[in-house]
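Subject: Structure for your files

Hello,

Here is the structure you are taking over. My notes on what turned up in it follow below.

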Amino acid sequence: MRDAERHDDQELEAGRLLFSRPCTFMLGAAQLSQLPDSDLPEVCFAGRSNVGKSSLINALTGTQSLARTSNTPGRTQELNFFNLAERILICDLPGYGYAQAPKERVKRWTMLVKDYLRGRPNLRRVLLLIDSRHGVKDNDHEIMDMLDEAAVNFQVILTKMDKLKVSEAETIIGKTQTALAKHVAAHPEILTTSSEKGLGLAEVRAAVTSLALPLS
Ligand code: GDP
């Protein structure tokens, strides 16, 4: 076995182990003052409404209802925090780009998220979900610009890959790579997932685990 392959296997195994530990809901923060005070490293999941964010978080952690869908009333504008085995915090950002969102709500989202991105020294990476059927939209570019500005590293996860044929998958991966080339904060590796079929979950777990405190 080549060294790189062995290295990958170790990362996948570390991811499997960490995500077999308990992941617990901490709190929902509607304003900056409510963010959890913690020294743990943090990752954040972001994406347009309906991108499949709750499904992915639930699939990763092996729970049915840890993350609620962005359509759940009341939870929509909150940043939800989860603690994964005291090794890393996971933040679930409210979905953006909802077609009927009133301007005031969009403004509030943007302010809250900008403040969050600037004010979290332990934020290691944003995992930015893109629906593989739709590709990178204008409001995805806007958040990528915000991440560039805040110098927060981000990595794209293409979701719902089970909906695409192999040739379509190759095309969207290529187009996404081209879009990312314009963003200085972009991680070069694109992850691909299907929560429905369980594809790519091990790789996302490994990516999160590479940013977490080691299991002792
Ligand atoms: P959120 O608004 O980003 O939290 O999105 P949800 O997780 O609630 O998913 C939105 C819709 O997409 C739901 O109808 C899900 O069943 C569907 N969905 C989510 N993930 C997948 C997937 O991997 N494959 C397919 N085919 N559908 C998915």
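The largest nonpolar core has 34 residues, and those that touch the most other members are Leu93, Tyr116, Val126 and Phe154. Two or more residues each come from β2 (42–47), β3 (79–84), α3 (103–118), β5 (123–131), α4 (138–150), β6 (154–159) and α5 (166–180). The largest share, five residues, is from α3. Please keep in mind that this is a predicted model.

Phe154 is in contact, beyond its neighbours within four places in sequence, with residues including Val126, Leu128, Met144, Leu147 and Leu180. In soluble globular proteins, nonpolar side chains tend to be buried together.

Arg205 sits in helix α6 (residues 201–209). Leaving aside neighbours within four places in sequence, Arg205 is in contact with Gly15, Phe19, Ala59 and Leu60. A polar atom of the Arg205 side chain lies 2.9 Å from the backbone oxygen of Leu60.

The most lining residues, five, come from α4. By class, the lining is seven nonpolar, five polar and three charged.

The second largest pocket has about 210 Å³ of space. Asp8, Glu11, Arg125, Glu189 and Glu203 are among the residues that line it. Here α1 (3–19) and α6 each give two or more residues to the lining. The classes are four nonpolar, three polar and five charged.

Regards

Key
Residues numbered from 1 in each chain as written. Predicted model: local features only at pLDDT ≥ 70, side-chain atom pairs only at ≥ 80, totals over all residues. Heavy atoms only, no water. Helix = DSSP H or I, 4+ residues; strand = E, 2+ residues; numbered from the N terminus. Contact = heavy atoms within 4.5 Å. Polar contact = N/O pair within 3.5 Å; in protein donor to acceptor, adjacent residues only side chain to side chain. Core = buried A, V, L, I, M, F, W, Y, C linked by side-chain atoms within 4.5 Å. Buried < 20%, exposed > 50% of the residue type's maximum accessible area, 1.4 Å probe, protein only. Nonpolar A, V, L, I, M, F, W, Y, C, P; charged D, E, K, R; others polar. 1 Å grid on protein atoms, 1.4 Å probe; cavity = no way out; pocket = protein on both sides within 12 Å on 5 of 7 lines; lining within 4 Å. Points joined across faces, edges and corners; volume = space filled by probe spheres on them.
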